[in-house]
Number of protein chains: 2
Amino acid sequence: MVTVAGRRPGRPAGGKLVVDRESLLDAAERAIRRDGPMVSLETIALEAGVTKPVIYARIGDRTELSNALSARLADRIVQSVFSAIAGQPIGRSALVLFLAANLETAAGNRELFFYVTGGSADDSPQRSLLLASNSVTPLAAQLSQWRTDTGHDPAVAEAWSYALIGMLQLTTLWWLNQSALTARDLAEQLAELLWGGLRTPPIA
Amino acid sequence: MVTVAGRRPGRPAGGKLVVDRESLLDAAERAIRRDGPMVSLETIALEAGVTKPVIYARIGDRTELSNALSARLADRIVQSVFSAIAGQPIGRSALVLFLAANLETAAGNRELFFYVTGGSADDSPQRSLLLASNSVTPLAAQLSQWRTDTGHDPAVAEAWSYALIGMLQLTTLWWLNQSALTARDLAEQLAELLWGGLRTPPIA
DNA sequence: GGGTAAACGTACTGTAGGTACGTACATACC
DNA sequence: GGTATGTACGTACCTACAGTACGTTTACCC
């Protein structure tokens, strides 16, 4: 049994919560960074200076915690990607910037990335979908817009979004664990694939 | 406490094992198909007519069970893909066949696919890599060969393999859960993406 | 100042992974 | 043909963790 030192039961003085939801998520991130993706809820609560029921009150069960942290990471990645390609003309070099920004942001949130992409808990695979959809939604909107603008069928946007996110997820996992490539080099390789690498003709 | 009816402690008469490793994996698949990806080891053992320690003796812990089942599924997919594109000339239509065979085999092993791609257990994300590598290895060999044959750098093969597998994994998960597309239509959409869809020029 | 509701911690339950150990059978050796 | 040893089981336990019921302390309102 873990006991939080220096606190006792009862409503805290001052009419304020001991910790709010955002502070709890911050603490969760710290605990994950320190102990890896397998941290228990109790350890996270301890890191925040509270006990488990507080987490259930503010956030919910382990699945909802995963979702909240996933939304955070997705936000960071989307922000990073947007500022990376802002003002760039659509083309291969913008694609490289997009991919590199993804990789670098994931690398900067390494443990959190591991936690979100599968190391979290005893969850059904439907959760993976929910997590991915945090990234898919904004991407699909952009793709759909672009397809319409260029006179093509936007119906492919959703499938393409899941395809791109899935591609980046597994590739990033591999890269962070057992690859010596730089983010830039890997982004170039992926861009080559997406830029039609599979239909490259033989070099005469 | 679950008790297997009709058996008692002690070495079985007849000098034979009660069940061998393959039968255990068969039972695991049946249990997963029946109860979903969250089945407990004890339920799997019960399905096989034995108790937990037998699973640990034949297969190992939950991680090793995941790996074994993942290898089975990867084998089925690789087989299916090979026979789908056997004799086909390299090109876009072969790519569609490759993708469709992947999707259909996953659909035919729906629950097992869920179990393998994340619904399994309290595992570190490194396991996802190990699982994916079962599919990556043969694919990378083929890609590497093809790149060399066509006079290009084969160094991209590994990254491309993880990219393609990741793309198929997440797309399949989405498709099996919440998409009404046929396997063929989805394969066409993915092929369009891989065939350079991102650099499609505006239709004049 | 008393009553009510809020915000905690304490302590419990249930479940599942993993393991120590006892038991029954086979085989080898004398 | 009896005894020792090793093997293949099931039984019963330990531990860790997710999730929850409940008691306690404080703020707030009249």
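A polar contact here is a pair of N or O atoms within 3.5 Å; within protein, one must be able to donate a hydrogen and the other to accept it. I'm working from a predicted model, so a side-chain atom pair counts only at pLDDT 80 or more.

**Entry 1: polar pairs.** With that rule in hand, I looked up the count between chain B and chain A and got 8 residue pairs in polar contact, both residues at pLDDT 80 or more. Then I checked which parts of chain B face the partner. On the side that touches chain A, α6 (110-119), α7 (126-149), α8 (157-178) and α9 (183-194) of chain B each supply at least two residues. The top contributor is α8(B), giving 15 residues. Sorted by class, this side of chain B has 31 nonpolar, 16 polar and 6 charged residues.

**Entry 2: salt bridges.** How many salt bridges does the rule find across the interface of chain B and chain A? I got 2. I noted down the one between B:Glu192 and A:Arg147, where the closest N and O atoms are 3.1 Å apart.

**Entry 3: extent of the interface.** I have 53 residues of chain B in contact with 53 residues of chain A. The two chains bury about 4,900 Å² between them, and 69% of that is on carbon and sulfur atoms.

**Entry 4: the core.** Which residues have the most contacts inside the largest nonpolar core? They are A:Leu65 and B:Leu65, in a core of 132 residues. I followed up A:Leu65: leaving aside neighbours within four places in sequence, it touches A:Leu25, A:Ala28, A:Leu41, A:Ile44, A:Ile59 and A:Tyr115.

Definitions and conventions:
Residues numbered from 1 in each chain as written. Chains lettered and ligands numbered in written order. Predicted model: local features only at pLDDT ≥ 70, side-chain atom pairs only at ≥ 80, totals over all residues. Heavy atoms only, no water. Contact = heavy atoms within 4.5 Å. Buried area = accessible area lost by both parts, 1.4 Å probe. Salt bridge = Lys/Arg side-chain N within 4 Å of Asp/Glu carboxyl O. Polar contact = N/O pair within 3.5 Å; in protein donor to acceptor, adjacent residues only side chain to side chain. Helix = DSSP H or I, 4+ residues; strand = E, 2+ residues; numbered from the N terminus. Nonpolar A, V, L, I, M, F, W, Y, C, P; charged D, E, K, R; others polar. Core = buried A, V, L, I, M, F, W, Y, C linked by side-chain atoms within 4.5 Å. Buried < 20%, exposed > 50% of the residue type's maximum accessible area, 1.4 Å probe, protein only.
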